[in-house]
Amino acid sequence: IGKVLDDIVDAAKQAIKEMPDGTLEEQVKLATKINVFNSVKRIIEFSDSIKEGVLSGAVQVHGSVYDINTGKVEFYGEHPELEKIVGKEMPVYQFRNSEYTSRVSSSASHGRSAIARASLQR
């Protein structure tokens with residue numbers, strides 16, 4: 001249990017360093033997220049079968065936190081540095097984790113084609 005506590009303390013120190021002016025609640029939330037992603041990283045790095053599954057695209061490892069008081073689960077998703085961890089570019093990972101941008105021109109009405117707009121104007 002000593003190693004687990006050391007990992008939590010390291011995550012707390014990192015959170016304080018990254019957010020020195022944050023409230024205690026903000027720092028604890030960040031430390032929790034850091035610890036979760038550190039755990040995800042260790043799982044991928046130290047399990048050959050999981051790493052192989054991630055590399056092939058058959059396995060995704062997502063971090064999350066269960067709040068015992070509310071029963072809610074907060075999902076953090078895949079590790080933000082997954083490609084660095086596995087040492088390989090992963091286009092599908094990049095696609096899943098990129099923001100969606102619309103290819104519609106700015107002059108078009110949002111969500112409506114030219115035909116739909118013309119029909120609505122009648």
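Where is the place of Gln27? Select Gln27 and you will land in helix α2, and we will come back to this residue once the overall layout is clear.

**Before you start**

This is a predicted model, in which local features need pLDDT of at least 70 and side-chain atom pairs count only at pLDDT 80 or more, while totals for chains, interfaces and linings use all residues. Residues are numbered from 1 along each chain as its sequence is written, and side-chain values use heavy atoms, with hydrogens and water left out.

**The whole chain**

Show the chain as a cartoon. Followed from the N terminus, the elements run α-α-α-β-β-α-α-α.

Next, colour by accessibility. Of the 122 residues in the chain, 21% are buried; buried means under 20% relative accessible area, exposed means over 50%, and partly exposed lies in between, with a 1.4 Å probe and protein chains only. Among contacts (heavy atoms within 4.5 Å) with a separation of 6 or more, 35% are between residues 24 or more positions apart.

**Stop 1: α1 against α2**

Select residues 2-18 for helix α1 and residues 24-46 for helix α2. Two packed helices are described by the angle between their axes and the distance between the axes. Here the angle is about 130° and the axes are 8 Å apart. Axes are lines fitted to C-alpha atoms, for helices over the stretch in contact, and angles run from 0 to 180 degrees between N-to-C directions. That angle makes α1 oblique to α2: under 35 degrees counts as roughly parallel, over 145 as roughly antiparallel, 65 to 115 as roughly perpendicular, and the rest as oblique.

Now show side chains. From α1, the contact uses Asp7, Ile8, Ala11, Ala12, Gln14, Ala15, Ile16 and Glu18, and from α2 it uses Gln27, Leu30, Ala31, Ile34, Asn35 and Arg42. By class, these are eight nonpolar, three polar and three charged residues. Ala, Val, Leu, Ile, Met, Phe, Trp, Tyr, Cys and Pro count as nonpolar, Asp, Glu, Lys and Arg as charged, and the others, Gly among them, as polar.

Zoom in on Asp7 in helix α1. Asp7 is buried, with a relative accessible area of 11%. Leaving aside neighbours within four places in sequence, Asp7 is in contact with Asn35 and Arg42.

Then return to Gln27, which counts as buried at 13% relative accessibility. Look for a polar atom of the Gln27 side chain 2.8 Å from the backbone oxygen of Met19. Not counting residues up to four places away in sequence, Gln27 touches Ala15, Ile16, Met19, Pro20 and Gly22.

**Stop 2: α2 against α3**

Ile43, Ile44 and Phe46 in α2 meet Asp48, Ile50, Lys51 and Val54 in α3. This contact has five nonpolar, no polar and two charged residues.

Centre on Val54, which is buried, with a relative accessible area of 2%. Beyond four places in sequence, Val54 is in contact with Ile44, Val59, Val61, Leu82, Val86 and Met90. Tyr93 is 39 residues away from Val54 along the chain, and their C-alpha atoms are separated by 9.8 Å.

**Stop 3: the two strands**

Select His62 in strand β1, residues 62-66. His62 counts as partly exposed at 42% relative accessibility. The side chain of His62 makes a polar contact of 2.7 Å with the side chain of Gln60. A polar contact is a pair of N or O atoms within 3.5 Å; within protein, one must be able to donate a hydrogen and the other to accept it, and residues adjacent in sequence count only if both atoms are side-chain atoms. Not counting residues up to four places away in sequence, His62 touches Val40, Gly77 and Glu78.

Finish at Glu74 in strand β2, residues 73-78. Is Glu74 buried or partly exposed? Glu74 is partly exposed, with a relative accessible area of 35%. A polar contact of 3.3 Å joins the side chains of Glu74 and Lys29. Leaving aside neighbours within four places in sequence, Glu74 is in contact with Lys29, Gly63, Ser64 and Val65.

Key: Helices (H or I, at least four residues) and strands (E, at least two) are DSSP runs, numbered from the N terminus.
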